[in-house]
Amino acid sequence: MYLVTILGNLLIILAISSDSHLHTPMYFFLSNLSIADIGFTSTTVPKVILDIQSHSRVISYAGCLSQLSFFNFFGCLDSTLLTVMAYDRFVAICYPLHYSVIMSPHRCSLLLLVSFLFSLLDALLHCLMVSQLSFCTNMEIPHFFCDPPQLLKLACNDTSINQILVYFNGAIFAGIPISGIFFSYYKIFSSILKISSSGGKYKAFSTCGSHLSVVSLFYGTCLGVYLGSAVSHFPRKVAGASVVYAVITPMLNPFIYSLRNRDIKRALQRLLHRTA
């Protein structure tokens, strides 16, 4: 699955970069989403494969902090890029005549920079919070990666304040992107309903169908896992569910966009034809 994820996302990046017709804001953000997906799954899966090969499941304290930092960074970057892509669809459908002006190269670069800094802040806050915890030696993490909620349960010191910070941090760094996506699609659906012809409605909705599928898959699994971890007394079941959004979702994203998007299909066909 890891190789499929890497190859699938690399093909999306190469197809977009090699086809001048896809040098648009939507595909610019899609290629960056593919980069984030590669980073997201690469923070956990290679370590799991190495552990299986070496028959050792040991990770150092510094390695654990690094892993959770990169995992939260790429996970948050995924989330913010999905929000930016929703905004892109909102502008394309609601303000089509001003699209090229609003989504200028400078604006796209600025949105990417803000997404990067927002994600970096999230990763730094998680790393800082976990670094303040005290752990006993030789602790066993009931997960396949260093997940902050699971680490809080293993800490030796009082974690009541840290648990509040985790939920507060989640409310901000997950709440803002989700709110942005909901607002964008509220405006999109309102505009689509005003279109008189059914053909026009279908054409407008089809431009954001792939994005909506990816959003539903990513946020549905994320919310399911973290809400489940808050009430579940079986952490290994939570770990199993985490595989869906940490491994399977990044693997499925290229398939969703390539199967539902004619431009990506044509670009991939041209790319494969050139290499052949």
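# Exercises on a predicted model

Asp88 is buried, with a relative accessible area of 1%. The model used in these exercises is predicted.

**Exercise 1.** Which residue forms a salt bridge with Asp88, and how far apart are the closest N and O atoms?

Solution. Start with the general principle: side chains of opposite charge can pair when their charged atoms come close. Next, look for the partner of Asp88: this is Arg89, and the closest N and O atoms are 2.8 Å apart. The cut-off for a salt bridge is 4 Å, so the pair qualifies. Finally, count: the structure holds one salt bridge.

**Exercise 2.** Is Ser34 buried or exposed? What does its side chain make a polar contact with?

Solution. First locate the residue: Ser34 belongs to helix α2, which spans residues 25-42. Its relative accessible area is 4%. Buried means under 20%, so Ser34 is buried. Now take the side chain: Ser34 makes a polar contact with the side chain of Asn9 at 3.4 Å. Setting aside neighbours within four places in sequence, the residues in contact with Ser34 are Asn9, Ile12 and Ile13.

**Exercise 3.** Which residues touch the most other members of the largest nonpolar core?

Solution. This core has 49 residues, and Leu30, Leu82 and Ile264 touch the most other members. The helices that each supply at least two residues include α1 (2-18), α2, α4 and α13 (262-275). Helix α4 gives the most, with twelve residues. A second, separate core has eleven residues, among them Cys64, Leu68, Cys146 and Leu152. Return to Ile264: leaving out residues up to four places away in sequence, Ile264 touches Ile12, Ile16, Leu22, Tyr27, Leu30, Tyr257 and Ser258.

**Exercise 4.** Which residues form a nonpolar patch on the surface?

Solution. The patch consists of Leu110, Leu113, Val114, Phe116, Leu117, Leu120 and Leu124, with about 620 Å² of accessible area together. Take Leu113 as one example: it is found in helix α6, residues 105-131. With a relative accessible area of 46%, Leu113 is partly exposed.

Key:
Residues numbered from 1 in each chain as written. Predicted model: local features only at pLDDT ≥ 70, side-chain atom pairs only at ≥ 80, totals over all residues. Heavy atoms only, no water. Helix = DSSP H or I, 4+ residues; strand = E, 2+ residues; numbered from the N terminus. Buried < 20%, exposed > 50% of the residue type's maximum accessible area, 1.4 Å probe, protein only. Polar contact = N/O pair within 3.5 Å; in protein donor to acceptor, adjacent residues only side chain to side chain. Contact = heavy atoms within 4.5 Å. Salt bridge = Lys/Arg side-chain N within 4 Å of Asp/Glu carboxyl O. Patch = residues over 30% accessible without salt bridge, like charges linked within 9 Å, V, L, I, M, F, W, Y side chains within 5 Å. Areas by Shrake-Rupley, 256 points an atom, 1.4 Å probe, with all protein chains shown as cover. Core = buried A, V, L, I, M, F, W, Y, C linked by side-chain atoms within 4.5 Å.
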